[in-house]
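Subject: Structure handover

Hello,

Here is the structure for you to open. My notes on what turned up follow below it.

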Amino acid sequence: STPPPGSRCPASGGRCSPRRSPATTSRPGRAPRPGPPGCPKPSPASSSPAGGITVVTWNVGTAMPPNDVTSLLHLNTGETNDADVIAIGLQEVNSKINKRLKDALFTDQWSELFMDVLSPFHFILVSTVRMQGVILLVFAKYYHLPFLQDIQTDCTRTGLGGYWGNKGGVSVRLSIFGHMVCFLNCHLPAHLEKAEQRKEDFATILHMQQFEGRAASGILDHDLVFWFGDLNFRIESLDIRFVKYAIDSNILSQLWEKDQLNIAKSTWPVLSGFQEGPLNFPPTFKFDVGTNKYDSSAKKRKPAWTDRILWKIKSPSVGLGGGGRRPSRGVLSVSQLCYCSHMEYTVSDHKPVAAIFAVQFASKADKPLVEIYVADEWSRPEQAVVRYKMAAGFHRSSWDWIGLYRVGFRHPKDYVSYVWARSDDGERCLEKQLYAQVMFSEEALPKGKGEYILGYYSNTSSSIAGVTEPFQISLPRLEEGSSPTDSSGSSSEEEDDSTLVLLAPKSRSPSPGKMQRHRSRSPSLAKFQGLILRPSSRDRGTSRSPSPQNRRGLPGDIPTIHLPQEELGHRGDKAKEPGRAADSQEGSSFYQTVREQGGPRRVSADNPLARADPRNLGLLPALRLEMLDQAMGRRRESVDQSYPCQRMSPTSPPGCSTSPKEGTSP
């Protein structure tokens, strides 16, 4: 039966109030929860006619991130026009080979910084895209996530004739309350004489970037486009001494008419319709690093406004039924509230630029695709019941899941635990608009007290389709060793210092309720075929990762990355023991061990159970790297002392007839 809102949930023992996004409704009897001290309270979006969008661009010049970027993001200001969406475009992030490998395995330091700063203010990383040193990050308040749909990214290289990504553009496009919005971060060619090349590269980016779907296939098809980055436009004609005099005398208007971008906006058809606020801040390039002084080197480059933020609103007469596109939901209006540089940041030879916009939406999608109902508090495991209702037309998938997030989570896969949204009558509930129900297992629930949020993650759209407001979980902590299901004896709030197994590409963790929190969860990591990372020895005996359970670790063992071998020799029968990885003749398949009441059993990688962790769908755990010589030196010392016949590598034969120094190399 369909319980009405506010009715009592028989299974959970609490009131079944609808946990819709706070953007549309507030929890009965509870005021909105405040953010950090000095942070404006998140107000319901429906009570404000405009949404706030902040755009930041910064050429960081391969520098390390500063300690704090709060002022750059205009946080803690108490302004009434609080941002709902923040887009951050970076250029020249360190992209040397060793740094790119580290960033591929971990989250890059700049992204980590912005997530750390924004998560206490309820901002969640919606999407990110990187092309060498060009990065674009888009954040939004967590209660807006159900109204951010159709999220796609693209990138275009223009360096070295299109073969190198040091120059070009990256974009994130999404539907915000039913309106198509595109954020485009560009790094265009440098130098005064390259103005025509900049125009050609921008036209190439607009032409090359295409998105799936009929709503807005090209960048300029979107209802609203934000174009920003290190656009590298310079000041023509004027002598460097006059430029510096105008800056020192605060007569910047005398420089505007010689700015190449201002000239191009009136002469280049490709820039038709793009708008920009007045340049009432000093040129943002080029400074001596660590100072606010313009270039004092032998080159003495002329100051210029290279870092810019522009926007364009699609004309309501464009694309009304043409080219297969649906008509816009209504006319947007954009007001720029702030356009400024931040001189306090000196780590780069560029100064960052920020712009704050108030966007007036002609109409708004105000109902989430999935409404989630949950009790006010979970104080007993049997109360962990989640009821949800899917809107008509929602594209349900058997890979959808409901994540349990700690308040202040950083991105959609930064969950504490999850449960698959696979109710037996899911299709019938969707068809007849009934309520489906799932339940979190006791071992999946965090122990102790805290505030949490539930979010329904749609695998089809790769986004969160429904969230609740914060609710309480108050479960007793388990004493160390009191429960066989908790090998560590620690609460879920403690960090797991072990390193999980990074298996072959088909691997998926089969134990959603036993996943522990890691220090860093990258929202998007490149796939490295065949990398294997073994857990530390102290965790192998009780490890719940899909790694083999019956391999004894070495004292002082450290995680090691093993490169894939073309052919693995010495594949004896012992390699097929339960709990060990078994290679096929091609070396492309393996098995995982899953613990059940009846004992361990082997699960094929093709089995859905072996693909069970959504965090592994494009997300890998953090790894620790160490020099191979150092790692091997410690291993050999340890082996010589205590384990003369221990296996040196997961790919070496289980038997041992030679000394470790003569064994196979990892």
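Is Cys-338 buried, partly exposed or exposed? At 21% relative accessibility, Cys-338 counts as partly exposed. The cut-offs: buried means under 20% relative accessible area, exposed means over 50%, and partly exposed lies in between (1.4 Å probe, protein chains only).

Before the rest, two points on the source. This is a predicted model, in which local features need pLDDT of at least 70 and side-chain atom pairs count only at pLDDT 80 or more, while totals for chains, interfaces and linings use all residues. Residues are numbered from 1 along each chain as its sequence is written, and side-chain values use heavy atoms, with hydrogens and water left out.

**Cysteines**

A search of the whole structure finds zero disulfides. A disulfide here is a pair of cysteine sulfur atoms within 2.5 Å. Cys-182 is in none, and the nearest cysteine sulfur, in Cys-186, is 9.6 Å away. Cys-182 is buried, at 0% relative accessible area.

**The whole chain**

The chain has 666 residues, and 53% of them count as buried. It holds nine helices and 25 strands. Helices (H or I, at least four residues) and strands (E, at least two) are DSSP runs, numbered from the N terminus. Take the contacts between residues at least 6 apart in sequence: 71% join residues at least 24 apart. Contact means heavy atoms within 4.5 Å.

Thr-54 sits in strand β2 (residues 50-59). Thr-54 is buried, at 1% relative accessible area. Leaving out residues up to four places away in sequence, Thr-54 touches Ala-83, Val-85, Ile-86, Ala-87, Ala-355 and Ile-356.

Strand β3 covers residues 85-91, and seven of its seven residues are buried. In a regular strand the side chains alternate between the two faces of the sheet. In β3, Val-85, Ala-87, Gly-89 and Gln-91 point one way. Ile-86, Ile-88 and Leu-90 point the other way. Strand β3 runs antiparallel to strand β5 (residues 134-141), joined by six bridges. Val-85 stands opposite Ala-140 of β5. Two strands count as paired if DSSP finds at least two bridges between them.

**The five-stranded sheet**

This sheet is open, with mixed pairing and the order β6-β7-β8-β9-β10. Its edge strands are β6 (148-159) and β10 (307-313), each pairing on one side only. The twist averages 15° from one strand to the next. Strands β6 and β7 (residues 164-176) are antiparallel over nine bridges. There, Thr-156 has Gly-169 of β7 as its bridge partner.

Helix α3 (residues 195-208) lies across β6, β7, β8 (179-187) and β9 (224-230). It runs at about 140° to β6. Axes are lines fitted to C-alpha atoms, for helices over the stretch in contact, and angles run from 0 to 180 degrees between N-to-C directions.

Helix α2 (residues 109-118) has eight of its 10 residues buried, so it is largely enclosed by the rest of the structure. Among the buried ones are Trp-110, Phe-114 and Met-115. At the start of α2, a side-chain oxygen of Asp-108 comes to within 3.1 Å of the backbone nitrogen of Trp-110.

In helix α6 (residues 260-267), Gln-260, Leu-261 and Ala-264 are buried. They cover an arc of only 90° around the axis, which puts them on the same side of α6. The arc is that of the directions from the helix axis to the C-beta atoms. Their cover includes α3 and β10.

Phe-285 and Lys-286 are joined by a cis peptide bond, with omega about 0°. Lys-286 is in the loop between α6 and β10. Two residues other than glycine have positive phi: Phe-177, near 55°, and Asn-232, about 65°. Phe-177 lies between β7 and β8, and is buried at 7%. Asn-232 lies between β9 and α4 (240-248), and is buried at 3%.

Best wishes

Note on methods. A polar contact is a pair of N or O atoms within 3.5 Å; within protein, one must be able to donate a hydrogen and the other to accept it, and residues adjacent in sequence count only if both atoms are side-chain atoms.
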